[in-house]
Amino acid sequence: MVPSFLSLRLSCLGLWASGLILVLGFLKLIRLLLRRQRLAKAMGNFPGPPTHWLFGHALEIQQTGSLDKVVSWAHQFPYAHPLWFGQFIGFLNIYEPDYAKAVYSRGDPKAPDVYDFFLQWIGRGLLVLEGPKWFQHRKLLTPGFHYDVLKPYVALFAESTRVMLDKWEEKAQEGKSFDIFCDVGHMALNTLMKCTFGRGDTGLGHRDSSYYLAVSDLTLLMQQRLVSFHYHNDFIYWLTPHGRRFLRACQVAHDHTDQVIRERKAALQDEKVRKKIQNRRHLDFLDILLGARDEDDSKLSDADLRAEVDTFMFGGHDTTTSGISWFLYCMALYPEHQHRCREEVREILGDQDSFQWDDLGKMTYLTMCIKESFRLYPPVPQVYRQLSKPVTFVDGRSLPAGSLISMHIYALHRNSAVWPDPEVFDPLRFSTENASKRHPFAFMPFSAGPRNCIGQQFAMSEMKVVTAMCLLHFEFSLDPSRLPIKMLQLVLRSKNGIHLHLKPLGPGSGK
């Protein structure tokens, strides 16, 4: 009798649990439908491409060539159009300078529908923070990107680049094209290890290489999750193979960062080590974070430290890898500009053994070519915001607070109303005279406004040193049988790598 009573009780509990799950699921569905109705109503004045009844535009966004698909939509729908990831997340996709200014001059927070997916990985660092805490962190971190801090990094950029160039010397001897993207990624990570953690010049150890692979995996999984609406629910996602793989990669990244921070904090307990660090010719990013204090003498917590280090490592190596790789592809594609850049950097280097900080400001043509490659191949092609208050655009159309904005930088940079012959590689677009006539929000490789990229001077300095050294050592040419296929994976990558032929220019070409 007792077992049957227990069985009945368990059966009732099971029914109650099932009923509760159904009710909660129904309420969630109602909430999503109401939200969709609100977003769709907000974008009612903006016509756009047809949507799939279930996937929205997600299927087209996942296909090869999706970036150029959006450019074609931009021609069809000037200024902006709705963009749906599934049926419940809808953005107004903008790609026109005045529209960009209306939103990005204000400092609205990042869209949580996208950037909350980052939290498990990079925590609440500068990328996803908002309000007073964002302002506090931005203020604490800004001294870490001052020119006086960046100047000694030139030698560190050069050290890591030489390791990569030596590797390329060996590969070039085989006379075949090879994928440069992975090598550039290791070089960029090696550089960040030195600038962030004060790593030596011995290259990446096993733990660091595991970190690099984990970060590459995380960016791929993040992009897949963003465009796969059935992965948007945390509970469901963590049960899938992709979700478990994401958590494993997060653990590798976190273990790496935590261990480095522990080692540095322990080292700073030793007075001799502390004095040695203080007397170094440069401070690394972790030194600056550990020493950062606001006017109330408050410092970053351990969680804040990890979040900012992980944010800097993510933002600082993947984007730079993309920028350098696509720039070298442009140089291979346009040999006349490659030759002119090489002649400029040879003249600047002269009889010196290596580049100095002051040399970077003299690289005018190289800088114009870097900016033009950023225009055609922006490292971060798409960014997202959520409006904290209503906005009215230049044509009178408006959006209410809470609306989601997708800033499609790739389409903005190929907007023919702003850039004549947008597919043509023309560095002179960025001459002082031409740039002064252009809308300030027409070119946004580092975003724009108060929430622009804090590390853009770091990135530009590294780009100049690395690309100048590459051009001094090698002549780059295309492999017509393996042209890159553009792919959005948070940053702009190539589905099949970036394969180039490299011809060594001899010992006298680069010192």
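These notebook entries record what I looked up in a predicted model.

**Conventions.** I number residues from 1 along each chain as its sequence is written, and I use heavy atoms for side-chain values, with hydrogens and water left out. In this predicted model, local features need pLDDT of at least 70 and side-chain atom pairs count only at pLDDT 80 or more, while totals for chains, interfaces and linings use all residues.

**Arg225.** I located Arg225 in helix H11, residues 206–227 (helices are DSSP runs of H or I, at least four residues, numbered from the N terminus). Arg225 is buried, at 2% relative accessible area (buried means under 20%, with a 1.4 Å probe and protein chains only). I found its side chain joined to that of Asp234 by a polar contact of 2.5 Å (a pair of N or O atoms within 3.5 Å, one able to donate a hydrogen and the other to accept it; residues adjacent in sequence count only if both atoms are side-chain atoms). Beyond neighbours within four places in sequence, I listed the contacts of Arg225, among them Phe117, Tyr231 and Trp238 (contact means heavy atoms within 4.5 Å).

**Core.** I then turned to the largest nonpolar core, which has 155 residues (buried Ala, Val, Leu, Ile, Met, Phe, Trp, Tyr and Cys residues joined through side-chain atoms within 4.5 Å). Helix H16, residues 302–333, gives the most to this core, with 13 residues. Leu399 is one of the residues with the most contacts inside the core. Leaving aside neighbours within four places in sequence, I noted that Leu399 is in contact with residues including Ala42, Phe46, Leu92 and Ile405.

Methods
Helix = DSSP H or I, 4+ residues; strand = E, 2+ residues; numbered from the N terminus. Buried < 20%, exposed > 50% of the residue type's maximum accessible area, 1.4 Å probe, protein only.
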